Protein chains: 2
Amino acid sequence: MSALDTAVHGLRALIAEGTLRPGDRLPSEGELCEHLGVSRGSLREGIRMLSALGVLETRHGSGSYVSDLNAGDLIGSLSLTVGLLPLESILELYELRRALEAHAAALATARISPDEIAELEAILVELEGTVDDGEQSALDHRFHMRVAEIAGNSALASLLAVFRARSRAYRIFRTESAAEIKVLSDAGHRSILRGLQSRDPVAASSAAAGHVAQTEYWLRKLQPDAIGLTD
Amino acid sequence: MSALDTAVHGLRALIAEGTLRPGDRLPSEGELCEHLGVSRGSLREGIRMLSALGVLETRHGSGSYVSDLNAGDLIGSLSLTVGLLPLESILELYELRRALEAHAAALATARISPDEIAELEAILVELEGTVDDGEQSALDHRFHMRVAEIAGNSALASLLAVFRARSRAYRIFRTESAAEIKVLSDAGHRSILRGLQSRDPVAASSAAAGHVAQTEYWLRKLQPDAIGLTD
DNA sequence: ATCGAAGAAGTTGTTATACAAATTGGTGTT
DNA sequence: AACACCAATTTGTATAACAACTTCTTCGAT
């Protein structure tokens, strides 16, 4: 077993067995080196691996701390890498997104409050009133994020946030089909909101699925044009 | 910007802009240090972060290589950390799993072949004939994994594999309700397979959703007993 | 007594150096 | 052509030293 493996497994074990709990500060690097029997360099590489995965957080001059271990944050650690996926993988993620957005919409119908309905309404009004592609993208993002948050499952919201972050890189609102896209996109959002208002989970989820499928269709169609900045 | 950030962003940029492609070997650590202007230690920490996320792979004595960048492998990198999540998060993941297994079953109805149906049938026969909890868990795992693979979306299959890996830690087949669980579990699997055989996506997906919901119910109910080995 | 500045101690961040361990490619022998 | 061997390259590991930051204590002024 390599020194790096020793460090990673050792640290992970300290958390898994409860010796270190979320929020706790790890012993200093010096102590951990002695405890695990590895050099400081190897230990630091191990700490970095776990911090890349969202398990640890390090503060310069203070120490390393165990993160709040929740599904949402751990899933969020994927956001650094999804930007590297090729278009083929993105389309796979769209298929997932379709199922997840539909599920989120269905869950949201059961939990949404009048205030939240008004909030979504306000977002849509603003979205329908703008033609700037950057604003459209941002408001579209906010609308879907709020629905996912209202659904009340942080893992679901994080997963959708990761997927959407990647999708936004392909700016379909900037293509020559932008006008047509906006009309159908606005209608799709309205349809989702109607489903939420009437507390009809089937209507909301099918509207969400249809909306994502529509976006996916445009992305496939405009693929050559849309691939712009990978950020 | 810290030296570590310089290293991570520098490496990521080399991949994002296409200078380094999947399968390529990175320049040696010495060259990268000079190119990025950081020390070897900082560079190595950066490489470790990206390898923890499934973007790079390092071979002792040979070099570091860019991984096959696909959604499945990147999602698979979560498997190291989901084992650290508390039960509360696991139940969130179950809700996701319910939606995803249902989606996978629906997709599978459209793509499954007669051979694959026979394969699933064989797994169920074996599963129904055993009472050993380890075998039951393994066969249950194989059945669901095959369905996810047949669905043809590697990101979906990986995500479900990650979730299921965590669920298996809570060995509900070993509780005092094992007998009752086995009867309903077997029936649930049969129901899913019937949906696949008849190529009825609604039947298959609702059977899958019901099966997961049933498992989730048992986990909630047996929570105190079931929490055994986290590994 | 309270507040604030200064400083000491502790911790992580970064670099440099040296050597061990593994792979790779070539070389020469059979 | 096959094999063993060696040399070069590369990653793995350890150690040392110092910089940068945080935290807490101490001390002094108000």
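Predicted model: local features only at pLDDT ≥ 70, side-chain atom pairs only at ≥ 80, totals over all residues.

Reply: The C-alpha trace of chain A extends over about 65 × 40 × 30 Å along its principal axes, and the chain is divided into domain 1, residues 3–69, and domain 2, residues 74–222. Between the C-alpha centres of domain 1 and domain 2 of chain A there are 37 Å. The UniProt record, in an unreviewed entry, lists residues 1–69 of chain A as "domain: HTH gntR-type".

Turning to the interface itself, the contact draws on 43 residues from chain B and 43 residues from chain A. The size of such an interface is often expressed as the accessible area lost when the parts come together. Here the area buried between chain B and chain A is about 4,100 Å², and carbon and sulfur atoms give 68% of it. Within the area that chain B buries against chain A, B:Arg12, B:Leu53 and B:Leu84 supply 16%, more than any other three residues.

The polar side of the interface can be described by its pairs. Between chain B and chain A there are 16 residue pairs in polar contact, counting those with both residues at pLDDT 80 or more. On the side of chain B that touches chain A, the elements giving two or more residues are α1 (3–16), α3 (40–52), α4 (71–76), α5 (79–82), α6 (87–111) and α9 (154–167) of chain B. Of these, α6(B) gives the most, with 10 residues, and the residues on this side of chain B divide into 25 nonpolar, 11 polar and seven charged.

Side chains of opposite charge can pair when their charged atoms come close. Across the interface of chain B and chain A there are four salt bridges. A salt bridge also joins A:Glu45 to B:Arg48, with the closest N and O atoms 2.8 Å apart.

For the structure as a whole, the number of salt bridges over all chains is 26. One within chain A pairs A:Glu128 with A:Arg190, where the closest N and O atoms are 2.8 Å apart. That pair links distant parts of the chain, since A:Glu128 belongs to helix α7 (residues 114–128) of chain A and A:Arg190 to helix α10 (residues 178–197) of chain A, 62 residues apart.

Conventions: Residues numbered from 1 in each chain as written. Chains lettered and ligands numbered in written order. Heavy atoms only, no water. Contact = heavy atoms within 4.5 Å. Buried area = accessible area lost by both parts, 1.4 Å probe. Salt bridge = Lys/Arg side-chain N within 4 Å of Asp/Glu carboxyl O. Polar contact = N/O pair within 3.5 Å; in protein donor to acceptor, adjacent residues only side chain to side chain. Helix = DSSP H or I, 4+ residues; strand = E, 2+ residues; numbered from the N terminus. Nonpolar A, V, L, I, M, F, W, Y, C, P; charged D, E, K, R; others polar. Domains from an automatic or database assignment. UniProt positions renumbered as here; feature names shortened; annotations may be inferred.
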